[in-house]
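Morning, everyone. I have one chain to go through today, so let me put it on the screen.

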Amino acid sequence: MYAPTYPIRTARLTLRPVTLDDLDDVHAYQRRSDVVRWMRGAGPRTREQSRASVRAMAAEDALRAEGDCLTLAIATGAGVIGTVELVWRSRPDRTAELGYVLHPDHGGRGLATEAATALLDWGFGELGLHRVFARCHAGNEASARLMSRLGMRREAHHVRSYLFRGEWADQLVFAILADEWRARAR
Ligand SMILES: CC(C)(COP(=O)(O)OP(=O)(O)OC[C@H]1O[C@@H](n2cnc3c(N)ncnc32)[C@H](O)[C@@H]1OP(=O)(O)O)[C@@H](O)C(=O)NCCC(=O)NCCS
């Protein structure tokens, strides 16, 4: 089983597992259409849907088997403002997929970058990952900029590759390798 030593502290944030007490904070952004706009299969969530989501995320506190998701709440003095996650895609290839969501009221200050950086530090460090990738809808410019800011390389632009709200959509794939992450950190 792999999990960070909680909490992870950064300059402005605390990262720790989601708890059921985070429901109000999580629902505050999950209910917004601008937050789910580019997310596959997700519409603005009702409070009950957020409760189910929080319950699921609360169980994602460690990586126990390939396919598991580690989800960390991004907390400030103002409460939980988003989440960052790593999905363990391949044990033999030591590969994981990065994901993130931030309440728009807290956007534009580098907080998602700060949280993702801390999670990648753990993933490439303690967990020993070789490669981390992330994907987004080609229209999700904020997400693509975040991946570039993290030093990830744009490796693919899949054309009309997946069904998004009933239409074929383009998807961008970004990735970074462990040695590139370490070189960047230096
Ligand atoms: C993707 C998402 C997390 C990006 O949020 P964000 O606020 O742009 O990202 P950050 O918190 O890292 O802030 C970066 C922005 O703050 C600016 N910034 C200000 N201070 C900064 C600092 N100290 N460090 C880094 N960036 C800083 C950056 O220039 C950048 O702005 P820009 O993109 O206009 O150039 C957010 O748009 C989101 O949650 N979207 C909805 C969910 C979603 O689509 N998730 C991804 C699914 S693929």
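From the N terminus on, the elements run β-β-α-α-α-β-β-β-α-β-α-β-β-α. That makes 6 helices and 8 strands, where helices are DSSP runs of H or I with at least four residues, strands are runs of E with at least two, and both are numbered from the N terminus.

This is a predicted model: local features need pLDDT of at least 70, side-chain atom pairs count only at pLDDT 80 or more, and totals for chains, interfaces and linings use all residues. Residues are numbered from 1 along each chain as its sequence is written.

On to the core. The largest nonpolar core has 43 residues, and L15, I74, V84, Y100, A115, A116 and L119 touch the most other members. Helix 4, residues 111-124, gives the most to this core, with 8 residues. A core here is a set of buried Ala, Val, Leu, Ile, Met, Phe, Trp, Tyr and Cys residues joined through C-beta atoms within 7 Å; buried means 20 or more other C-beta atoms within 10 Å of the residue's own, with C-beta atoms placed from the backbone. Of the chain's 186 residues, 30% are buried.

Terms used: Buried ≥ 20, exposed ≤ 12 C-beta atoms within 10 Å, placed from the backbone.
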